[in-house]
Amino acid sequence: MAILERGKDLLSPEMLLFANAVEGGEAYVFCPRHSDKPIEYFCKQCSVTVCVKCMFDEHNGHELIQIEEMANSLKQNVLDLQKMLVNAHRLNDEN
Ligand SMILES: [Zn+2]
Ligand SMILES: [Zn+2]
């Protein structure tokens with residue numbers, strides 16, 4: 001389970017949620033605070049996904065990444081995470 005713990009360090013719960021959506025082919029996850037607003041940015045400062053409302057409200061002036069950029073970097077991270085998990089399964093099978 002050490003690898004799963006490492007995965008958690010690699011991706012915050014919000015990032016995992018978004019990573020799952022990206023993996024599942026869903027372009028957007030809706031804002032947890034504003035359920036009618038799709039996530040459009042990721043706040044680097046707070047490590048949370050934010051919508052336009054959040055962006056102008058509590059994340060005003062924070063360092064934000066566009067979701068497209070986020071998806072690209074996340075896909076890389078997800079692939080790394082998957083590789084780690086596959087390796088863990090292989091180790092379990094050998095033992
Ligand atoms: Zn919001
Ligand atoms: Zn923020």
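Two residues are in contact if their C-beta atoms, placed from the backbone, lie within 7 Å. I begin these entries with that definition, as several of them rest on it.

**Entry 1: the basis.** I note that this is a predicted model, in which local features need pLDDT of at least 70, side-chain atom pairs count only at pLDDT 80 or more, and totals for chains, interfaces and linings use all residues. Residues are numbered from 1 along each chain as its sequence is written, while chains are lettered from A and ligands numbered from 1 in the order in which they are written.

**Entry 2: confidence.** I looked up pLDDT, the predictor's confidence in each residue, from 0 to 100. The chain has a mean of 71, and 42% of its residues reach 70 or more. Confidence is lowest in helix H1 (residues 2-10), with a mean of 52, and highest in helix H3 (residues 52-56), at 94.

**Entry 3: elements.** I took helices (H or I, at least four residues) and strands (E, at least two) as DSSP runs, numbered from the N terminus. The chain holds 4 helices and 3 strands. Along the sequence I read the pattern α-α-β-β-α-β-α.

**Entry 4: the sheet.** Strands count as paired if DSSP finds at least two bridges between them. I found an open sheet of 3 strands in the order S2-S1-S3, with antiparallel pairing. Its edge strands are S2 and strand S3 (64-66), each of which pairs on one side only. From one strand to the next the twist averages 35°; the axes here are lines fitted to C-alpha atoms, for helices over the stretch in contact, and angles run from 0 to 180 degrees between N-to-C directions. S1 and S2 are joined in the antiparallel sense over 3 bridges, and Phe42 stands opposite Thr49 in S2.

Entry 5: I call a residue buried if 20 or more other C-beta atoms lie within 10 Å of its own, exposed if 12 or fewer, and partly exposed in between, with C-beta atoms placed from the backbone. Of the 95 residues of the chain, 19% count as buried. A nonpolar core is a set of buried Ala, Val, Leu, Ile, Met, Phe, Trp, Tyr and Cys residues joined through C-beta atoms within 7 Å. The largest one has 9 residues, namely Cys31, Ile39, Tyr41, Phe42, Val48, Val50, Cys51, Cys54 and Ile67. Strand S1 (41-43) and strand S2 (48-50) are the elements that give two or more residues to this core.

**Entry 6: Val48.** This residue lies in strand S2. Val48 counts as buried because it has 21 C-beta neighbours inside 10 Å. From Val48 to His59, 11 residues apart in sequence, I read 9.9 Å between C-alpha atoms.

**Entry 7: two histidines.** His34 lies in the loop between helix H2 (13-23) and S1. His34 is partly exposed, because 15 other C-beta atoms lie within 10 Å. Leaving aside neighbours within four places in sequence, His34 is in contact with Cys51 and Lys53. The C-alpha atoms of His34 and Cys54 are separated by 8.3 Å, although the two are 20 residues apart along the chain.

I then turned to His62, in the loop between H3 and S3. His62 counts as partly exposed, because it has 15 C-beta neighbours inside 10 Å. Not counting residues up to four places away in sequence, His62 touches Cys43, Gln45 and Cys46. Between His62 and Cys43 there are 6.7 Å from C-alpha to C-alpha, at 19 residues apart in sequence.
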